[in-house]
Amino acid sequence: MENQTGRTPVHIAMFSGGASSAYVAYKMVQTYGRENSMLFFTNTLWEDEDNYRFMEEVSEYIGVEITEVVDGRTPEEVFYDYGFLGNSRVAKCSEELKVYQTLTFLEDLRDEQNLEPILHFGIGPHEKHRMENLQNFYSHHPLEPVETRFPMIDTYREDIDVKSIIESEWKIKLPRMYDLGFSHANCGGRCVRGGLGHYARLYKVWPERYKEQEEMEERFRKYFDKDVSILKRDGARFTMKEYREIMDEEGIDNYVDMQDDTIPCVCSFS
């Protein structure tokens with residue numbers, strides 16, 4: 001059925017690899033039908049391999065294939081292209097690899113397939129600030145506004161234990177990063193928007209990934225001859241190497257439970 005734009009509506013679950021976005025995708029397909037639904041995923045090429053496993057199993061359970069778009073660059077390559085190291089305040093990687101790819105995809109749907117996208121997000125009541133940011137973004141940045149829906153806030157009034165539903169009823173194991181204590185799975189733990197607590201956990205769980213991030217930061221600093229860092233401490237530059245050395249001396253567990261005030265980008269557990 002066409003809407004006032006003359007285009008046929010298509011319902012798109014913004015599929016991040018998290019439990020809530022999986023549940024929202026399932027309910028969306030149940031409501032609007034497989035033929036009117038899409039699972040949309042933007043791949044940064046840094047995702048944890050178990051996220052891919054989870055997404056494929058959810059896709060098979062729901063009965064809708066994943067529509068994946070990929071820029072082709074890793075976050076590190078984006079940093080080099082712009083000569084700017086991503087951090088908790090400015091994440092050019094998210095803008096280039098996720099946001100721009102999404103906007104391009106939506107405009108192609110309109111122009112080439114005469115479809116009108118309606119986006120469904122798995123953001124919960126505790127993330128209303130993110131809902132407002134997304135509403136504002138999709139109202140102003142596409143050539144025409146794009147409708148956004150947030151069923152976990154607006155539709156499902158009862159308290160839903162989506163993790164239990166997925167594991168107990170769907171018989172699908174959640175992404176391992178939940179059990180490992182990460183608050184979000186951005187880029188397999190290497191998210192530049194992660195804070196001190198996040199990176200302490202990364203160092204404890206996957207020291208080799210922490211080392212990859214440390215080496216990436218050191219390469220960038222040397223190549224551009226810039227005294228920059230992903231992390232900040234007391235408002236000042238704080239390199240991954242400096243942080244690792246402090247954790248080695250004082251103990252990782254002293255930092256793992258630090259509360260981060262950073263906001264994960266669109267690839268978070270949602």
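Modeller: Begin with contact, which means heavy atoms within 4.5 Å. Here Phe79 touches Phe84, Leu85, Gly86, Cys93, Val192, Met216 and Phe220, leaving out residues up to four places away in sequence.

Biologist: Before we go on, what kind of model is this, and how are its residues numbered?

Modeller: This is a predicted model, with residues numbered from 1 along each chain as its sequence is written. Local features need pLDDT of at least 70, and side-chain atom pairs count only at pLDDT 80 or more, while totals for chains, interfaces and linings use all residues; side-chain values use heavy atoms, without hydrogens and water.

Biologist: Which residues touch the most other members of the largest nonpolar core?

Modeller: The general idea is that in soluble globular proteins, nonpolar side chains tend to be buried together. A nonpolar core is a set of buried Ala, Val, Leu, Ile, Met, Phe, Trp, Tyr and Cys residues joined through side-chain atoms within 4.5 Å. Buried means under 20% relative accessible area, exposed over 50%, and partly exposed in between, with a 1.4 Å probe and protein chains only. The largest core here has 28 residues, and Phe79, Tyr199, Tyr210, Ile230, Leu231, Tyr243 and Met247 touch the most other members. Helices H9, H10 and H11 (240-250) each supply at least two residues of this core, and the largest share, 5 residues, comes from H9. Apart from this core lies another, of 26 residues, including Val24, Met152, Tyr156 and Ile166.

Biologist: How are helices named, and at what angle do H9 and H10 cross?

Modeller: Helices (H or I, at least four residues) and strands (E, at least two) are DSSP runs, numbered from the N terminus. Two packed helices are described by the angle between their axes and the distance between the axes. Axes are lines fitted to C-alpha atoms, for helices over the stretch in contact, and angles run from 0 to 180 degrees between N-to-C directions. The axes of H9 (residues 196-205) and H10 (residues 207-224) come within 5 Å and cross at roughly 125 degrees. That angle makes H9 oblique to H10, given that under 35 degrees counts as roughly parallel, over 145 as roughly antiparallel, 65 to 115 as roughly perpendicular and the rest as oblique. H9 contributes Tyr199, Leu202, Tyr203, Lys204 and Val205 to the contact, and H10 contributes Pro207, Arg209, Tyr210 and Gln213.

Biologist: Now a loop. Is Thr44 buried or exposed?

Modeller: Thr44 sits in the loop between strand E2 (37-43) and helix H2 (49-62). Thr44 counts as buried because its relative accessibility is 3%. Its side chain makes a polar contact of 2.7 Å with that of Glu47. A polar contact is a pair of N or O atoms within 3.5 Å; within protein, one must be able to donate a hydrogen and the other to accept it, and residues adjacent in sequence count only if both atoms are side-chain atoms.

Biologist: What is the phi of Leu45, in the loop between E2 and H2?

Modeller: Leu45 has a positive phi of about 70 degrees, although it is not a glycine. At 41% relative accessibility, Leu45 is partly exposed.

Biologist: Which residue has a polar contact with the side chain of Lys173?

Modeller: The side chain of Asp179, at 3.3 Å. Lys173 lies in the loop between helix H7 (162-169) and helix H8 (176-179), and is partly exposed at 46% relative accessible area.
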